[in-house]
Amino acid sequence: MPGPYGSLANPVPLDPFQEIVNVHWGAKYLAANLDVGLEIVAGGANGTGPGPEYVDPWTYASLTSALLFFNPADALSTYKQLSGGVWNPVLPEQVSYTGEPSLPSEFTYDLWEYTGVSSSGIVQPFHRYVEVTGGAVLDITVPLSGEQFTDGLSVQVDILGQPFVGDGPHPAPFSGAVPLWKTGKDINGLADMDVVESPTVSIEGLTITFNGKSYTAIGSKCLPSTLISQRGDFWILFGREDVTA
């Protein structure tokens with residue numbers, strides 16, 4: 001027969017009038033950072049492109065499809081537990097999870113609509129977190145930030161791509177008198193990235209297990225990057241099985 005350890009079924013007597021019943025319950029809240037990847041397919045079938053023989057060739061000049069994906073091996077990271085009002089680290093091997101975020105289906109594009117990887121160094125499409133959609137503010141601070149969680153369970157993601165000049169590449173004299181093919185638009189020499197899609201990723205139903213207790217996603221917060229080409233952070237707040245907000 002195991003000794004008392006402080007549960008409702010096996011309380012620890014403190015004195016004739018008091019018992020400890022909540023030892024080993026574990027943290028009330030956990031937090032984790034979610035990452036989704038972006039897989040693109042470039043239009044390699046376009047070959048070297050049209051034009052005279054002296055034009056510098058390129059490959060993979062156009063984007064034909066893009067797909068957000070969830071990699072279970074490393075999608076959740078930077079686990080934290082809230083104890084004493086402070087977020088403390090949790091080792092990844094102490095946590096397991098079930099369920100997956102709800103992701104949009106594959107996006108497809110017409111020829112000469114958006115650029116992909118090219119031999120001339122054109123920026124390939126990328127994605128970034130923009131904001132949590134909906135939700136009331138919760139009185140719980142996001143780890144590594146002064147921001148607060150909301151009870152929203154989805155995040156908006158912008159997929160950015162570089163549009164072609166007009167309806168495709170055009171010749172322009174960038175190197176002396178010999179024209180080279182220009183593909184992507186730019187502003188003052190910098191890539192002009194347009195928002196290609198703005199899908200929503202839902203985390204509703206995502207559950208993690210820590211110290212034998214289940215924690216369900218009850219809130220989230222998007223921390224956008226100040227750099228356009230970086231994804232930013234998307235934090236998820238998990239409440240212990242008896243916690244709803």
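Is Phe164 buried or exposed? At 3% relative accessibility, Phe164 counts as buried; buried means under 20% relative accessible area, exposed over 50%, and partly exposed in between (1.4 Å probe, protein chains only). The views below come from a predicted model, in which local features need pLDDT of at least 70, side-chain atom pairs count only at pLDDT 80 or more, and totals for chains, interfaces and linings use all residues. Residues are numbered from 1 along each chain as its sequence is written, and side-chain values use heavy atoms, with hydrogens and water left out.

**Overview. The protein has 22 strands and 0 helices.** Both kinds of element are DSSP runs, numbered from the N terminus: helices are H or I with at least four residues, strands are E with at least two. Of the 245 residues, 39% count as buried. The protein exposes about 13,100 Å², and carbon and sulfur atoms supply 52% of that area. Accessible areas come from the Shrake-Rupley method with a 1.4 Å probe; for residues, only the protein chains shown count as cover. Contact means heavy atoms within 4.5 Å. Among contacts in the protein with a separation of 6 or more, 68% come from residues 24 or more positions apart.

**View 1. Phe164 sits in a loop between two strands.** The loop runs between β13 (154-161) and β14 (170-175). Lys182 is 18 residues from Phe164 in sequence. In space, the two are 8.5 Å apart, C-alpha to C-alpha.

**View 2. Strands β4, β5 and β9 form an open sheet.** The order is β4-β5-β9, with antiparallel pairing. β4 (37-42) and β9 (107-108) stand at the edges with a single partner strand each, so one side of each has no neighbour in the sheet. Two strands pair if DSSP finds at least two bridges between them. β4 and β5 (residues 63-69) pair over 6 bridges. Leu38 stands opposite Leu68 in β5.

**View 3. Strands β6 and β7 form a hairpin.** β6 covers residues 76-83 and β7 covers residues 86-89. The two run antiparallel and are joined by 4 bridges. Gln81 stands opposite Asn88 in β7. There are 2 residues between the strands. Gly84, in the turn, has a positive phi of about 65 degrees.

View 4. Rings of Phe, Tyr and Trp (its six-membered ring) pair if their centres lie within 6.5 Å; planes under 30 degrees apart count as stacked, over 60 as edge-to-face and the rest as tilted. In one of the pairs, the rings of Phe70 and Tyr97 have centres 6.3 Å apart and planes at 75 degrees, so the pair is edge-to-face. Phe70 lies in the loop between β5 and β6, and Tyr97 in β8 (residues 95-98), so the pair ties together parts 27 residues apart in sequence. Phe70 is buried at 11% relative accessibility. The rings of Trp87 and Phe149 also form an edge-to-face pair, with centres 6.5 Å apart and planes at 65 degrees. Trp87 in β7 and Phe149 in β12 (residues 148-150) are 62 residues apart. Trp87 is buried, with a relative accessible area of 15%. Phe149 is buried at 0%.

**View 5. Ser220 is a buried residue in a strand.** The strand is β21 (residues 213-223). The relative accessibility of Ser220 is 0%. A polar atom of its side chain lies 2.6 Å from the backbone oxygen of Gly152. Leaving aside neighbours within four places in sequence, Ser220 is in contact with several residues, including Val132, Phe149, Leu153, Ile203 and Trp235.

**View 6. The count of salt bridges comes to 3.** A salt bridge is a side-chain nitrogen of Lys or Arg within 4 Å of a carboxyl oxygen of Asp or Glu. Arg231 forms one with Asp35, the closest N and O atoms being 2.9 Å apart. Arg231 is in the loop between β21 and β22 (233-240), and Asp35 in the loop between β3 (29-34) and β4, 196 residues apart. Arg231 is partly exposed at 29%, and Asp35 is partly exposed at 34%. Lys221 forms a salt bridge with Glu147, at 3.8 Å between the closest N and O atoms. Lys213 and Glu241 meet in another, with 3.8 Å from N to O.

Methods
A polar contact is a pair of N or O atoms within 3.5 Å; within protein, one must be able to donate a hydrogen and the other to accept it, and residues adjacent in sequence count only if both atoms are side-chain atoms.
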